Amino acid sequence: MGDVGYARGEVRRARYAVAAVFAVHGAVTGSFATRVPWIQDHASLGAGQLGFALAFTAFGASCAMPLAGRISHRFGSRTALRGLLTLWTLSLILPSLAPNLYTLCLAMFAYGATAGMADVAMNALGVEIERLLEKSIMSGLHGMWSAGALVGSAAGTLAAHLGSDARLHHALAAAALTLLGLLACNWVLDLQPAEDEEPPPRFALPPRSALLIGTVGFCAVFAEGASLDWSAVFLRDRLDGSAGLAAASTTGFMLTMAVARIAGDAVVNRFGAVRTVRAGGMLAVLGGLLIVLAGHPAVAMGGFALMGLGIAVVVPLCFAAAGHAGPNPSQAIAGVATITYTSGLIAPSLIGGVAQATSLVVSFCVVTVLACGLAVFAGVLRTAERGGRREIGPQATAVPDPRP
């Protein structure tokens, strides 16, 4: 993208606008997740068939995410994000309309494709704003995504409790979120490519830097997926916890992640990306050990809370590092996103397979070992350190200080 001068106030407004976009994106996910049982019943699917259909979400995202960079290059960042986010919010309607397995697979493919493209576009804008402000903001942006997901899931839980039809619920949610998304997009930066800038390829393998950064993201998202989907089961089956305690464990994990992400930028700005991820990795390992060794539900709940705290900022920092790592941020971000989406897809099923063959304790031993990878491989995020941002410091004159 070509360098354009932006007033500092304009960049700050763009930061809040992108934060609202992240919240809208998360709210769609939360709205969908709470109505999966309704969708399963409506399409008359067994557990295996449902799992097969849900896999098309990651498949669609992986296929479509490389296109996001080319769309942004063609239309500019604001128009591209406005269109992609609208497609994503409207795609919420599709799964609840599916009457059988085949149509649900198609719906989930479209749902995942639009989710992935909007994800890449908004993260690329977040990285650019972070570059202009010369301080970490990606953790807070992802914290807004988590907050949006919590709001969406709360509304979905209420709708399910009232016995509402998911088709009506999702139609109303899609309309409201589309409107909010369009309003927020009015204030994001409208980045345009330089005249001599070549458009990114439609499809390309992720650069080597994205593969290395994606390895760190893989470890974090694996732990996140395993904890979200299996923490309640662990408390119920392993520790004889009540249904209320089991549900509270999952909710606590989500809240810990949301709060840690919102507060994480201050930590990153103070200590840097590498040290923050290494410390987070050690917290996640400690949490994993508490889970594995727990003899009481309260100990396991503390372990899941520490796990959430430790991994919370890793994925935002992976996207930031990818965006700073090379000349084509969208391509690198798409590569990291593909790896993390894949991790989120395979984690729940792999944990279940290991648990069936051995036990849930062994499954979370695997999670704990992967959490060690955060501390071991944190160095690949060095491009997101302050030093990496200082390398682009001369370009920061694009944000003139309005003060005399």
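How many salt bridges does the structure hold? There are four, counting a salt bridge as a side-chain nitrogen of Lys or Arg within 4 Å of a carboxyl oxygen of Asp or Glu. The model is predicted, so local features need pLDDT of at least 70 and side-chain atom pairs count only at pLDDT 80 or more, while totals for chains, interfaces and linings use all residues. Residues are numbered from 1 along each chain as its sequence is written, and side-chain values use heavy atoms, with hydrogens and water left out.

We can start with the overall build. The protein has 17 helices and zero strands; helices (H or I, at least four residues) and strands (E, at least two) are DSSP runs, numbered from the N terminus. Of the 404 residues in the protein, 51% are buried, where buried means under 20% relative accessible area, exposed over 50%, and partly exposed in between (1.4 Å probe, protein chains only). Among contacts with a separation of 6 or more, 87% join residues 24 or more positions apart, a contact being heavy atoms within 4.5 Å.

Three of the salt bridges can be described one by one. Glu 128 pairs with Arg 131, with 2.7 Å between the closest N and O atoms. Both residues belong to helix α7, where they sit three residues apart, about one turn of the helix. Arg 131 counts as buried, because its relative accessibility is 10%. Arg 167 forms a salt bridge with Asp 165, again with closest N and O atoms 2.7 Å apart. Here Arg 167 is partly exposed at 35% relative accessibility, and Asp 165 is partly exposed at 27%. In the pair of Arg 236 and Asp 237, the closest N and O atoms are 2.8 Å apart. Arg 236 is partly exposed at 48% relative accessibility, and Asp 237 is partly exposed as well, at 46%.

His 25 is part of helix α1, which covers residues 8-33, and it counts as buried because its relative accessibility is 2%. A polar atom of the His 25 side chain lies 3.2 Å from the backbone oxygen of Ala 115. This is a polar contact, meaning a pair of N or O atoms within 3.5 Å; within protein, one must be able to donate a hydrogen and the other to accept it, and residues adjacent in sequence count only if both atoms are side-chain atoms. Leaving aside residues up to four places away in sequence, His 25 touches Trp 88, Ala 115, Ala 118, Asp 119, Met 122 and Trp 145. Ile 137 lies in the loop between α7 (101-133) and α8 (138-161). Ile 137 is buried, with a relative accessible area of 2%. With residues up to four places away again left out, Ile 137 touches Arg 15, Gly 126, Ile 129, Glu 130 and Asp 265. The C-alpha atoms of Ile 137 and Val 268 are 9.0 Å apart, although 131 residues separate the two along the chain.

Helix α12 has both a buried and a surface side to its story. The helix has 21 residues and spans 30 Å from first C-alpha to last, close to the expected 30 Å; the expected span is 1.5 Å times one less than the number of residues. Its buried residues include Val 277, Gly 280, Gly 281, Ala 284 and Ile 291. Leu 309 lies in α13 and is partly exposed, with a relative accessible area of 39%.

Most residues other than glycine have a negative phi. Ser 44, in the loop between α2 (36-42) and α3 (47-64), has a positive phi near 55 degrees and is exposed at 61% relative accessibility. Asp 240 also has a positive phi, of about 55 degrees. Asp 240 is found in the loop between α10 (208-239) and α11 (243-271) and counts as exposed at 68% relative accessibility.
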